[in-house]
Amino acid sequence: MASKKSYHTRKYVITGFIILIAFTYLVRLFILQVPNNSYKLSAQNNVLRHITLYPSRGLIYDRNNTLLVYNEAAYDLLVIPAQVSKFDTSYFCSLLRISQEAFNRRFQKALRHSRYRPSIFLEQISKEDFAYLEENLFKFPGFYFQSRTLREYPLELAAHTLGFIGEVDHNNISKEPYYDQGDYIGKSGIEKSYEHILRGRKGSTIKIVDVFNREQGSFEDGHFDTIPLPGSNVTITMDASLQAYGEMLMENKKGSIVAIEPSSGDILTLVTSPSYDPNLLVGRVRSHNYEKLLKDSLRPLMNRATMGTYSPGSTFKILNALIGLQESVLYPETQYHCSGPESRPIRCTHYHQTPLQLKGAIMHSCNPYFWNVFRSIFNQPGFQDNISNAYTVWRDHVTSFGFGKKFETDIPFEMKGNIPLASVYDRIYGKERWTALTIRSLAIGQGEILVTPLQMANFSAILANRGYYYPPHFLKEYTLDGNKVEAQYGKQYSSVIPENFDVIIEAMQDVIGSEHGTAHWVRIPGLTFCGKTGTVENPHGKDHSMFIAFAPKEDPAIALCVIVENAGYGSTWAAPIASLMIEKYITGDINRTWMEQRILESNLMHDQ
Amino acid sequence: MRTRGNIFSNIDWVIVILYFAMVLTGWVNIYAAVYNEEHHSIFDITQRYGKQLVWIAASVLIILLIFFTDTKVFSTFAYFFYAVMVLILISVLLFGKEVAGSRSWFQIGNLGIQPAEFAKFATALALAKYLSTFNISLSKRRAIIISVFIILIPAGLILLQNDTGSALVFLSFILVLYREGLSGTFLITGLSVAILFVLSLLFDQMYVVIFLSGFAIMALFFIRRSFKNIARVLGILVLASAIVLSVDYAFNNFLGPHQQKRISVLIGVDPDIRGAGYNVHQSKIAIGSGGFWGKGFLEGTQTKYDFVPEQDTDFIFCTMGEEFGFIGSLLVIGLFTGLFLRIIKLAERQKSSFARIYGYGVLSVLLFHFMVNIGMTIGLTPVIGIPLPFFSYGGSSLWAFTILLFIFIRLDAHRAQLL
Ligand SMILES: [Zn+2]
């Protein structure tokens, strides 16, 4: 050890350092504790009250700047149990118009939450009640008000699209520490999808409160306060007047309407029926009404437009035709007979001349024709030996039209539908033990495949665009720091080239335009519109009526899908509703009042 | 084993009394911090203050165990303890229980053990053992590198557990190296790099470079302007600027938003007042509202109302500051300063360099915890979640600090028998 140099003088440096730290901390503590005016705070036995300042939530407008959702002032009554001293509870209950039992229950709940932290005692008290209560509040130490806002829906429409807000749950809080107990969060619809844009940012303030429950001003002159940042406004793609009209047409019917602007993918209308008044899910009555809606046998809380899955029916024949054209196994001139051995697996249900070419087959929705198209896709040279590969080629075409998957934009509670993988059939029938014949119902849109009305509307938009689409969405723009931010969506191409759409669109025009078309009666004078009827087999009851359409043919402004459940033929109910929607959107007016009248007066809900 | 009378007569009672004063003050504060009217018995073991009392009792057993252990055990098995600790740290990474995003706990029955706490004394022992070896000198590069490795292996493993706070504690061992002869330049360089690192994250990099340049120009006025000196100043300026620019670049380009956020919180620039910044702001209000005499025992409103988070663990000092005011603060600072100076005094009187170096290891760890923990509650240091020794709630940390300190007291008691 003697060989080592001794550094023992360094102990003085270290001691000096320790004394320096201790001194610095003591000076800091002295400054913090002694000359500070919060000393007075303790002398007067005052308490600090931490108040959350809730920002006003962003407003929601439609595409024409019609206000859809706004805020109304309301107040929550908070309590800090530890600060409550004896008071006249019966007087208090009469002021709040609650029973003594309700008082006890709420007070116990607050106690369980925390003795020292504020709990909401009574939520969402109206402006009017608040004014009166506030004057008397000094008699009840430990209770105080906090201002909140309530959502209001002036037009009472699009409940499913707009969604609702509600108190955060434990899950929300643990996922995002921004939230505290009692905060509101978007629970569904636009309110949920754009929660982060709409919510703004909470602020907080610290008030000094004396023993008489009176606020004595800000702590430290507001040094620790933060101002709340109001939420940003959101403009959605919906056309409120078309939405209202659609909801009116669908009254007393089960089903949905989805209308899309093909050039942008904007969802103009998304009607699901039966629905409910969005104002029902606001404020103190929310949970009560929600329970009631949940138990309703008509399931008004289910969004049929995005969650309802149906067989596409005859409308799917169009897609099989497009695939046939793209695979060069079908030409506009190709003819198939309606009778004979070729047609046997699926019989024709319509009477028409035979044989037909493609256009006529679409117009008359000829089953044997599309079975032959379907078979020729699978029997192409090179495919015959391997059904799996052939099926996968077919399936890839189908999914390129947006089927079998979610768009994953901002649409609440979307379902994928179902376009089975080849492996599913392998499992059912055994590997390579199945053929086009086994799965022939796919030729006419029946069988295992399932689609949503939203996907069908998007399909209609692809037809209007001759091959491409923008994923359907609701967000148009929002304001961020005073600047408008426009939503951008990427263009998606289907697997079929534009030229192959020509004959299909001609045929769809004939469905309405031609005297022999299946939906000739819903034509709109002066407007060329294209459509296709569908009657969707329903194993649980009467068939569903389906119609897809777009208009005008030359420069499509609207593409849509209408489904009326248990209503029979597509041409009877879905087609006139689609036709009225198109007329309303393009001309802004309804000339065919007889047709409108017929729809409005029909109640299709009871006869199932 | 030596005779019992011998051991107890040689114990430094001053340090033992300081220890118990701190542990009991801490316990009273935990009682105040989690006090509620439903469970007012201070011995209620369903409550945290009750549990802390159980842990204090267990600490007394640990102390007795250490006193009856032969001192040779500590130096002979220093490397063994260290190796076992490293293995445990590795296994906690593999099999540990994840709590709040960091995998650093072992669950034994219903008792959670945090091995990182115990790694501190094992590292202090290993470092003392290595540096007290004949012929080791910190003026040699090899010795410095080995020492740094002894420190960084457990620190790195703890860092991998996502427990940044505990890992940083190991940096404090540089104080031991300094006392044992590490050139002061290392200390100053290390400190400067750390300060530059924080500065470049706190402020716009351009401002930092301008500030450094201004500093360099000033320096040029005060030094003898020989070519060599000017070159040296400019060289340091270029080097420092390079560090600033690369830190900023690395921060923005190599780190994910999550890591960026963590670092921001660590150095206290997190803009979210509900986050780490919020804790400090609440803690300052609580301490500030205590005034000179404090609000009185159990009369604190801020800590009572749960405004201060983690008030019985990392923010325990708030309760002290609020209920006992500046007098209370003075007491805590006084107790710690007294303990530190006493440790230095005892360390310097050791005849064995092993005991001396270990003493400085104890000092380093305690000092770092004290500085950072109290510093963070009064807004002087970044918010790093490490406990206040002997005060904070928690079995692992109390036992680990007790072992750390009492091994030293045991070594010191043995000093008289060593000739
Ligand atoms: Zn036919």
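## Ground rules

The model is predicted, so local features need pLDDT of at least 70 and side-chain atom pairs count only at pLDDT 80 or more, while totals for chains, interfaces and linings use all residues. Residues are numbered from 1 along each chain as its sequence is written, chains are lettered from A and ligands numbered from 1 in the order in which they are written, and side-chain values use heavy atoms, with hydrogens and water left out.

## Salt bridges

Take a salt bridge as a side-chain nitrogen of Lys or Arg within 4 Å of a carboxyl oxygen of Asp or Glu. Over all chains, that rule gives 28 salt bridges. One of them joins the side chains of A:D76 and A:R148, at 3.0 Å from N to O. A:D76 sits in strand 3 (residues 67-79) of chain A and A:R148 in strand 5 (residues 143-152) of chain A, so the pair ties together parts that are 72 residues apart in sequence. Helices (H or I, at least four residues) and strands (E, at least two) are DSSP runs, numbered from the N terminus. A:D76 is buried, with a relative accessible area of 0%, and A:R148 is buried at 5%. Here buried means under 20% relative accessible area, exposed means over 50%, and partly exposed is in between (1.4 Å probe, protein chains only).

Over in chain B, B:D412 pairs up with B:R349, and the closest N and O atoms are 3.0 Å apart. B:D412 is buried, with a relative accessible area of 0%, whereas B:R349 is partly exposed at 29%. Back in chain A, there's also a network of salt bridges linking A:R57, A:R151, A:E191 and A:E195.

## A:K202 and its partners

A:K202 lies in the loop between helix 9 and strand 8 of chain A, and is buried with a relative accessible area of 12%. Its side chain meets that of A:D183 in a salt bridge, at 2.4 Å from N to O. A:D183 is in the loop between helix 7 (170-175) and strand 7 (184-186) of chain A, so the pair ties together parts that are 19 residues apart in sequence. Both A:D183 and A:K202 are buried.

The A:K202 side chain also reaches the backbone oxygen of A:Y178 at 2.8 Å. That's a polar contact: a pair of N or O atoms within 3.5 Å, where within protein one must be able to donate a hydrogen and the other to accept it, and residues adjacent in sequence count only if both atoms are side-chain atoms. Leaving out residues up to four places away in sequence, the residues that A:K202 touches include A:T52, A:Y54, A:Y179 and A:P228. Contact means heavy atoms within 4.5 Å.

Helix 7 of chain B (residues 141-160) has 20 residues and should span 28 Å at 1.5 Å a residue; its end C-alpha atoms are 27 Å apart, which agrees. The expected span is 1.5 Å times one less than the number of residues.

There's a kink of about 30° at B:L152, shortly before the proline B:P154. The bend at a residue is the angle between axes fitted to the seven residues ending there and the seven starting there. Buried residues of this helix include B:I151, B:P154 and B:A155. Just after the helix, B:N162 takes a positive phi of about 75°.

## Aromatic pairs

Rings of Phe, Tyr and Trp (its six-membered ring) pair if their centres lie within 6.5 Å; planes under 30 degrees apart count as stacked, over 60 as edge-to-face and the rest as tilted. The count comes to 53 aromatic pairs over all chains. The rings of B:F292 and B:F326 have centres 5.9 Å apart and planes at 35°, so this pair is tilted. B:F292 is partly exposed at 26% relative accessibility, while B:F326 is buried at 9%.

In chain A, ring pairs build a cluster whose members include A:F316, A:Y391, A:W394, A:W434 and A:F501.

## Two loop residues

B:S392 is in the loop between helix 16 (353-377) and helix 17 (395-414) of chain B, and counts as buried at 2% relative accessibility. A polar atom of the B:S392 side chain lies 2.9 Å from the backbone nitrogen of B:L388.

A:H516 is in the loop between helix 19 (501-513) and strand 17 (530-536) of chain A, and at 61% relative accessibility counts as exposed. Beyond its neighbours within four places in sequence, A:H516 is in contact with A:M363 and A:H364. The C-alpha atoms of A:H516 and A:M363 are separated by 7.9 Å, though the two are 153 residues apart along the chain.
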